[in-house]
Amino acid sequence: MKKFINATIYGNPDSHEILVENNQFKVIGNDLGDADEVIDLGGRLVLPPYVDPHLHLDYIFSGLGEGNANISGTLFEGIQRWSDNKKTLTEELVRERAMKGIQKEVSKGVQFIRTHVDITDPNLTGMKALIKLREELKSIVTLQLVAFPQEGFFRYKGAEELMEKALEMGADAAGGIPHFEISYEHGVESLRRIVDLAIKYDVMIDIHCDENDDPNSRFLEVLNALVTEKEYGEYTTASHTTSFASVENSYANKMMGLFKESKINFISCPTENAHLQGRGDTYPKRRGLTRVKELLANGNNVAFAQDSIADYWYPLGNGNMMNILDNGIHLAHYTHIDEINKAFDLITYNGANIMRVNEEYGIEAGKPANFIVLDATDAYEAIRERAEVLASVRNGEYLFKRAPRVNEIEIDFLKEL
Ligand code: FE2
């Protein structure tokens, strides 16, 4: 039995001790009595692990190396470059890249990742590699796989059959990219079929939806309508929805009522879309985020995600969810003190809701003892200082533990810091 004392538990200000037994949280409270091992957290902030609910592991790090940069910085050039490159893809290469990406994220406190895997590939190379990794790494990280038709459900010949095959192989969710299809009608029909496939295979839905700056892009409306009719909104996520930031307020207000009804979820990828969107603008340039603050106020679930690391779409990224959160709350104006105090929800609980892993997620008695410790004493300080993750615990055991940073040499002036 292990006891963690002097903890500041996010969302539970009255309890400061955590008792862990048999890989689970046994009790959360105070004065919890004896234990085999007592770990003093010195008042530091304890959170459930970071969740990255939207990451492309099959082409992670594909943008590294000479000649691989996306020159225009647009979504469309990224898709073309990947399309050319993936013809020579092997399971070993996907595994190698994905492993490196997962290591990056886990080393920064992530324990739950939803990854979109391109199924517009006759060999389903990425899906095969990631299904193996999902099983192999489950003691370290919970991976969910979205069967994602990167080159279009209709635009890529045979994508529908390939998606069905991927769902039969065990993908956790059905994806789509309606704004990339060859017409509005094709986009709508793709959504219809993807929703039907998801229901047939009893999996979640996660659509790359309206990832553009076109105020007339309407696939979010269509997706929302379809899942409302099927009462599938809680199992559905609209990723990106950047165009929704450009629509008229009167239209947005109408849609807010419909989103409330459907309970559809949203994912915003702040760094990726700040990079990709607004490329056709002079000034002012659009920020690339959907209406995060307003959707949250509307009662819809919104999470932030990394999306890409050094691939054909985005040259940066390192799996640090604190960086994503920091960028996201700035770009979304989610910076009132009350908002900052609950902003960790965007990279923890809200992502877990999207992945529907609630039963195993959260610092509560009876759940697996998964948590992280930050080098700060409350949520506000942690976000303002962009605090580092000092420890990540999964099933009661450390994935890592590191000492807070110290200077080797410093002048007296800095000693009080
Ligand atoms: Fe994506």
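Biologist: Which protein donors does the iron ion have?

Modeller: As a rule, donors are N, O and S atoms within 2.8 Å of the metal (3.2 Å for Na, K and Ca), and water is not among the atoms, so sites may look incomplete. Here they are His 54 (NE2), His 56 (NE2), His 208 (NE2) and Asp 307 (OD), lying 2.1 to 2.6 Å from the iron ion. Bear in mind that this is a predicted model, where local features need pLDDT of at least 70, side-chain atom pairs count only at pLDDT 80 or more, and totals for chains, interfaces and linings use all residues. Residues are numbered from 1 along each chain as its sequence is written, and side-chain values use heavy atoms, with hydrogens and water left out.

Biologist: What spacing do the donors follow along the chain?

Modeller: The pattern is H-x1-H-x151-H-x98-D. His 54 sits in strand β7 (residues 50-55) and Asp 307 in the loop between β14 (302-304) and α10 (321-331), so the pair ties together parts that are 253 residues apart in sequence. Strands are DSSP runs of E, at least two residues, and helices runs of H or I, at least four, numbered from the N terminus.

Biologist: Are His 54 and Asp 307 buried or exposed?

Modeller: Buried means under 20% relative accessible area, exposed over 50%, partly exposed in between (1.4 Å probe, protein chains only). His 54 is buried at 0%, and Asp 307 is buried at 2%.

Biologist: Where is Glu 17?

Modeller: Glu 17 belongs to strand β3 (residues 17-21), and at 12% relative accessibility Glu 17 is buried.
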